[in-house]
Amino acid sequence: MYPIIVLSVTGLLTLFLGLENPKSKWIAPGTLFFLLVALASNALDWNAPGQYFNAMIEVNNSIILIESLIILTTFFIVILSTGQFEDENAHPAEYYALMQFSVVGALIMASFSNLLMLFLGLEILSIALYVLTGSDKTNLRGNEASLKYFLMGSFATGILLFGIAMLYGSTGSFDIHAGSNLIQAHPTAKVLFFVGIVFTLIGLLFKISGAPFHFWTADVYQGAPTIFTAFMATVVKTAVVFSLYRLLATGFGFEFNLWSKVLFVVIALSLIIGNLTAVMQDNFKRLLAFSSISQAGFLLMGLVGINERTFVNLGYYSASYVLATIAGLGVLMIVSRQTIKDGRPNENVEVFNGLFKNKPGLAIVLFIAMLSLSGIPLTSGFWAKFFVFTDALRTGHLWVLVLAIMMSAVSLYYYFKPVVAAFKSGEEREIEVKPLHAGLLYVTAALIVILGVAPQIFRALFI
């Protein structure tokens with residue numbers, strides 16, 4: 001609860017920091033301080049579960065941990081962003097303020113108990129991202145991506161609102177627990193409720209890049225500035241996954257047979273389309289975009305096998321995915337800015353050629369990140385997939401597990417593309433790395449390995 005208030009206020013303060021000098025040197029450190037304050041304020045609710053705003057927002061220890069993950073993810077991304085907005089057309093104060101507002105939306109989505117708050121959180125999250133995607137006015141691809149994201153996102157929002165309207169029409173309430181009263185209701189009310197569930201799911205699956213609602217993902221990931229691609233790929237996915245969990249486990253649990261069928265279709269399509277299309281990509285950001293579609297499929301496998309450990313398993317998977325994505329895109333940001341192609345940073349896989357010879361530390365970070373995303377043992381990604389596979393197997397749908405394992409094998413091919421490039425011979429070049437950025441990337445790589453060797457360290461937090 002408190003981080004929502006803190007970041008709403010500090011987002012405005014960040015704008016004032018840039019009022020006199022839009023490129024003030026205090027903007028990035030100020031944002032990092034504000035995020036730390038928000039993280040500290042989150043601890044005030046520890047062991048003090050409760051509801052706020054007429055039970056529209058719920059707080060408990062598990063929600064606090066997920067909100068902390070979202071804030072820490074943003075903290076890491078802001079560290080990586082330092083020195084990224086040196087262009088004369090950049091407005092860093094606005095960017096950092098929008099990131100804080102977007103985090104507010106993500107926190108609301110992780111803690112809502114009312115469908116209106118879900119919609120409000122999603123819109124706060126999304127509108128800021130529409131702007132950030134097109135923040136580089138000199139990049140035509142970025143402008144196109146921003147427009148495409150806005151138009152398709154608006155359409156998805158309309159679908160979500162229609163679903164919420166159907167749910168309200170059938171239950172007479174926006175509370176996510178209201179559907180449990182429909183067990184003895186009139187058949188017409190049940191039909192409206194079923195339609196509402198499906199349309200609400202579609203609106204949220206769009207945001208998580210679940211197929212077939214994924215068409216925006218590759219263009220937006222590629223067109224957005226890399227730092228905002230990292231933000232979009234991590235914070236947004238974490239927020240939406242846990243909003244889906246709250247809806248399905250808390251609100252719609254008694255209709256498992258209905259929504260699980262929808263998720264099984266989305267899981268199968270996401271795994272197949274995401275992995276097979278990623279194989280054909282030469283642009284690293286597009287590769288990770290289709291990878292994120294596949295990762296959405298793996299995350300949804302945890303939801304179809306909901307049990308008492310699902311929340312922990314999804315939290316572990318989200319943390320693992322966040323660390324690997326930040327590490328991979330962080331290395332790309334450093335290397336691509338110093339390799340210009342056609343007037344723009346080179347973001348193709350070839351940009352990593354000879355990276356181990358020139359910067360072995362960065363090559364090892366990239367290697368560990370790709371190992372984790374592909375689910376190789378001794379990395380957190382292995383246990384992340386193992387836990388959701390175990391959850392999905394509880395449903396008795398063995399075919400989903402077989403498909404997931406097959407697609408994981410396919411993913412090895414494209415995840416090792418940048419690794420092969422990094423360790424093969426390449427021209428000598430000087431790659432400048434700021435100590436702060438290098439330190440962060442080494443920390444993410446170390447955490448990936450630590451959580452891979454001792455996953456109980458993270459999971460014990462939820463007990």
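The model is a predicted one, in which local features need pLDDT of at least 70 and side-chain atom pairs count only at pLDDT 80 or more, whereas totals for chains, interfaces and linings use all residues. Residues are numbered from 1 along each chain as its sequence is written, and side-chain values use heavy atoms, with hydrogens and water left out.

Two packed helices are described by the angle between their axes and the distance between the axes. Helix 12 (residues 310–336) packs against helix 17 (residues 435–453) at an angle of about 145 degrees, and their axes are 9 Å apart; helices (H or I, at least four residues) and strands (E, at least two) are DSSP runs, numbered from the N terminus. The axes are lines fitted to C-alpha atoms, for helices over the stretch in contact, and the angles run from 0 to 180 degrees between N-to-C directions. The crossing of helix 12 and helix 17 is left-handed, a term for a near helix that is turned anticlockwise from the far one by less than a right angle. On the side of helix 12, the contact (heavy atoms within 4.5 Å) is made by Y316, L323, A324, I326, A327, G330, V331 and I334, while helix 17 contributes H437, L441, T444, L447, I448, L451 and G452. By class, this contact contains 11 nonpolar, four polar and no charged residues, where Ala, Val, Leu, Ile, Met, Phe, Trp, Tyr, Cys and Pro count as nonpolar, Asp, Glu, Lys and Arg as charged, and the others, Gly among them, as polar.

Side chains of opposite charge can pair when their charged atoms come close. In the whole structure, seven salt bridges are found, each being a side-chain nitrogen of Lys or Arg within 4 Å of a carboxyl oxygen of Asp or Glu. One of them joins R246 to E58, with the closest N and O atoms 2.9 Å apart. This pair links distant parts of the chain, since R246 belongs to helix 9 (residues 226–251) and E58 to strand 2 (residues 57–59), 188 residues apart. R246 is buried, with a relative accessible area of 7%; buried means under 20% relative accessible area, exposed over 50%, and partly exposed in between (1.4 Å probe, protein chains only).

A salt bridge is also formed by the side chains of R286 and D219, at 2.9 Å from N to O. R286 lies in helix 11 (residues 284–304) and D219 in helix 8 (residues 217–223), 67 residues apart. R286 is buried at a relative accessible area of 18%, whereas D219, at 23% relative accessibility, counts as partly exposed. In a further salt bridge, the closest N and O atoms of E347 and K285 are 3.4 Å apart. E347 lies in the loop between strand 4 (344–345) and helix 13 (355–358) and K285 lies in helix 11, so the pair ties together parts that are 62 residues apart in sequence. Both partners count as buried, E347 at 15% relative accessibility and K285 at 1%. Salt bridges that share partners also join K148, D219 and R286 into one network.

Two further residues were examined individually. T73, in helix 3 (residues 61–81), is buried with a relative accessible area of 2%, and a polar atom of its side chain lies 2.7 Å from the backbone oxygen of L69. Residues up to four places away in sequence not being counted, T73 touches T234, V235, V322 and I326. S41, in helix 2 (residues 27–42), counts as buried at 8% relative accessibility and, with the residues up to four places away in sequence left out, touches Y2, P3 and V6.

Methods: Polar contact = N/O pair within 3.5 Å; in protein donor to acceptor, adjacent residues only side chain to side chain.
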